[in-house]
Structure formats: C-alpha cells, structure tokens
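Please open the model in a viewer and keep the selection panel at hand.

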Amino acid sequence: MTTPSDPQQTLQNLSDEYQKLQTDLQPLIASLRRLESQFQENISVQKEFSNLSDDSKIYKLVGPVLLKQEKAEAESAVEGRLGWIEGEIKRVSSQIEDLQSKSEKKKMEVYQLQMQLQDQRA
C-alpha cells in the first residue's frame, strides 16, 4: 500500500491533476472557437447593414416565421450581440489563460519529480 509521501503515488497524483486540467481546457477552447465564429458572422451582418439604404426591408427569422424589422432596430440588436460576444470572448480567454498557466506549472512539477526519481535510481 502506498502512502502520500510515496514518490510514485505523488507522481501519479500530479499526472492525474495535469490530465484533469487538460481535459477542462478542451470545452473552453471549443467555446472560444464558437464565440469567435459568431463574432465574425455578426461582423458580416453589420457590414451588410452598412450597404443597405435606410428604407430597406429587413426580416428577422423567429421560429418558422419571417417578421419585418426596422433597420435601426436590427442594427442595434447586432451591436448588442457583438458587445455581448466580445465580453464572453474576453471571459473565456481569461479562463483559458488561467488553466494553461496552471497546467504548465503542473507539467513542470511532474517533470521535476520524474527527474528526481531518475536521479535516485541512477
């Protein structure tokens, strides 16, 4: 039976923690990609709005129905979405940076312990 002071068990625990950090990172990266895609889509919509005249007809899909919408209202909605998406991108990016930092520290701990164990065996 291993004790917490057992170097092999410590190494296993550190490796497990590192793996968990890597696993936690994957959904955040996927979320960031999705947000960046949504941001680009909304930028494209915003550019299209700039090409339209003020009396252009704009329709919004609500469920199975297209509803007429004023240009100013549609532009305001897109600007609001862009602001929200930007905030989410910053929040998720910050979480990713935090997890990457923790992961890198844990990786170094694993490496250092592996080197100590190799030195003890030599």
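Select Glu-75, which is partly exposed because its relative accessible area is 26%; buried means under 20% relative accessible area, exposed over 50%, and partly exposed in between (1.4 Å probe, protein chains only). A salt bridge here is a side-chain nitrogen of Lys or Arg within 4 Å of a carboxyl oxygen of Asp or Glu. Glu-75 and Lys-71 are four residues apart in helix 2, so about one helical turn separates them. Lys-71 counts as buried, because its relative accessibility is 10%.

Before moving on, note that this is a predicted model, in which local features need pLDDT of at least 70 and side-chain atom pairs count only at pLDDT 80 or more, whereas totals for chains, interfaces and linings use all residues. Residues are numbered from 1 along each chain as its sequence is written, and side-chain values use heavy atoms, with hydrogens and water left out.

**Second stop: the whole chain**

Zoom out and colour by secondary structure. The protein has two helices and two strands, arranged along the sequence as α-β-β-α. Helices (H or I, at least four residues) and strands (E, at least two) are DSSP runs, numbered from the N terminus. The radius of gyration is 25 Å, well over the 14 Å that the globule rule gives for 122 residues, so the protein is more spread out than a compact globule. That radius is taken over C-alpha atoms, and the rule is 2.2 Å times the number of residues to the power 0.38.

The accessible surface comes to about 9,000 Å², and 52% of it belongs to carbon and sulfur atoms; accessible areas come from the Shrake-Rupley method with a 1.4 Å probe, and for residues only the protein chains shown count as cover. Of the 122 residues, 24% count as buried. Among contacts between residues at least 6 apart in sequence, 74% join residues at least 24 apart, contact meaning heavy atoms within 4.5 Å.

Which residues of the largest nonpolar core touch the most other members? Select Phe-39, Ile-89, Val-92 and Ile-96, which hold that place among its 17 residues. Helix 1 (7–51) and helix 2 (71–121) each supply at least two residues of this core. A nonpolar core is a set of buried Ala, Val, Leu, Ile, Met, Phe, Trp, Tyr and Cys residues joined through side-chain atoms within 4.5 Å.

Centre the view on Ile-96, in helix 2. Is Ile-96 buried or exposed? Ile-96 counts as buried, because its relative accessibility is 7%. Beyond residues up to four places away in sequence, Ile-96 touches Leu-25, Leu-28, Ile-29 and Leu-32. A distance label from Ile-96 to Ile-29 reads 7.2 Å, C-alpha to C-alpha, across 67 residues of sequence.

Next select Val-92, which contacts Leu-28, Ser-31, Leu-32 and Leu-35 once neighbours within four places in sequence are left aside. Apart from this core lies another, of five residues, including Leu-14, Val-110, Leu-113 and Leu-117.

The structure holds seven salt bridges. Select Asp-24 and Lys-20, whose side chains meet in one of them at 2.9 Å, N to O. Being four residues apart in helix 1, Asp-24 and Lys-20 are separated by about one helical turn. Asp-24 is partly exposed at 29% relative accessibility, whereas Lys-20 is exposed at 51%.

Then select Glu-17, Lys-106 and Glu-109, which are linked in a network of salt bridges. Within it, the closest N and O atoms of Glu-109 and Lys-106 are 3.9 Å apart. Both of these residues lie in helix 2, three residues apart, or about one turn of the helix. Glu-109 is partly exposed at 33% relative accessible area, while Lys-106 counts as buried at 15%.

**Last stop: a nonpolar surface patch**

Finish with Tyr-59, Leu-61 and Leu-66, which form a nonpolar patch on the surface with about 360 Å² of accessible area together. Patches are made of residues with over 30% relative accessible area and no salt bridge, like charges being joined within 9 Å and nonpolar side chains (Val, Leu, Ile, Met, Phe, Trp, Tyr) within 5 Å. Leu-61 lies in strand 1 (residues 58–62) and counts as exposed, because its relative accessibility is 60%.
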